[in-house]
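Colleague: Could you take me through this model as a tutorial, giving the general idea behind each feature before turning to the particular case?

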Amino acid sequence: MRFAVPVFPGSNCDIDCEKAITTVLGEPVDFVWHTQRDLDQYDAIIVPGGFSYGDYLRAGALARFSPVMEGVVKAASEGKLVLGICNGFQILQEAGLLPGAMRVNDHLKFRCDIQPLTVVNNSLAFTQDYRRDEGIQLPIAHGEGNFYCDEVTLKELEQNGQIVFRYVGSNPNGSVEDIAGVSNREGNVLGLMPHPERAIVEWMGSQDGAKMFTSMLRYWEEKIGAA
Ligand SMILES: NC(=O)CC[C@H](N)C(=O)O
């Protein structure tokens, strides 16, 4: 399974994502500079966290216009797996691939912590190795993670199973309904504010992120096997 990790000016979790893929899966992964449009050779794309374009205007608002996003949009429309982590989630929202918008944290501070979460939907390609309602812990590190959507969208997300992760205990940013991660309607694009790539081996304090990567690989292997 070939992974692409697009790199924007200001990305800072790109190497963490590459390490997670090689450590957990041992699969090939390329860094792709944001000026490259063509991502056809890849099976999955992980849009990493960071401060693309310095978070100017709004987090993700400028990166969304980078040429590489044409490739990301195409991959998503072809049903390939696209995962956006933190700033990656913000970029996918700005590109219209994921619902809602991100506001500044309600307390106006950057929050860096280990956050308890619950897996609300474990039937996705990204979450099938988790149990339903499983309690997990992942690191968070963001200043604009306050997920917002209107009432109609919220109902749709609930009905379609698009709410994938919720914060447990105290909500670190004020997000609507404690939402930490959402998918698109089709389920092949996922965005979450917490960082699964920073929770893959014991010394990191949590290994709960590893199952997101094993889920993706298993989905792809089963799809290839069935073809
Ligand atoms: N870790 C990240 O990707 C941070 C995302 C973004 N820069 C924010 O502060 O919200």
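Modeller: Let us start with burial: a residue is called buried if 20 or more other C-beta atoms lie within 10 Å of its own, exposed if 12 or fewer, and partly exposed in between, with the C-beta atoms placed from the backbone. By that count Glu-197 is buried, because 31 other C-beta atoms lie within 10 Å. This is a predicted model, in which local features need pLDDT of at least 70 and side-chain atom pairs count only at pLDDT 80 or more, while totals for chains, interfaces and linings use all residues. Residues are numbered from 1 along each chain as its sequence is written.

Colleague: At which residues does UniProt place the feature "active site"?

Modeller: UniProt positions are given in the numbering used here, with feature names shortened, and annotations may be inferred rather than shown by experiment. The unreviewed UniProt entry places "active site" at Cys-86, His-195 and Glu-197. They span 112 residues in sequence, yet no two of their C-alpha atoms are more than 10.9 Å apart, so they gather at one spot.

Colleague: Where does His-195 lie, and is His-195 buried or exposed?

Modeller: Helices (H or I, at least four residues) and strands (E, at least two) are DSSP runs numbered from the N terminus. His-195 lies in the loop between β11 (189-192) and α5 (210-226), and Glu-197 lies in the loop between β11 and α5 as well. His-195 is buried, with 24 other C-beta atoms within 10 Å.

Colleague: Which residues is Glu-197 in contact with, leaving aside its neighbours within four places in sequence?

Modeller: Two residues are in contact if their C-beta atoms, placed from the backbone, lie within 7 Å. With those neighbours left aside, the contacts of Glu-197 are Cys-13, Asp-16, Cys-17, Ala-20, Ile-85 and Gly-209; on the same terms, the contacts of His-195 include Cys-13, Ile-85 and Cys-86.

Colleague: How should I read the buried residues of helix α2?

Modeller: An α-helix has 3.6 residues a turn, so residues three or four places apart point the same way. In α2 (residues 68-77), the buried residues are Val-68, Met-69, Gly-71, Val-72, Ala-75 and Ala-76. They are on the same side of α2 because they cover an arc of only 155° around the axis, the arc being that of the directions from the helix axis to the C-beta atoms. The buried residues of α2 pack against β1 (3-7), β2 (29-33), β3 (44-47), β4 (81-85) and β11.
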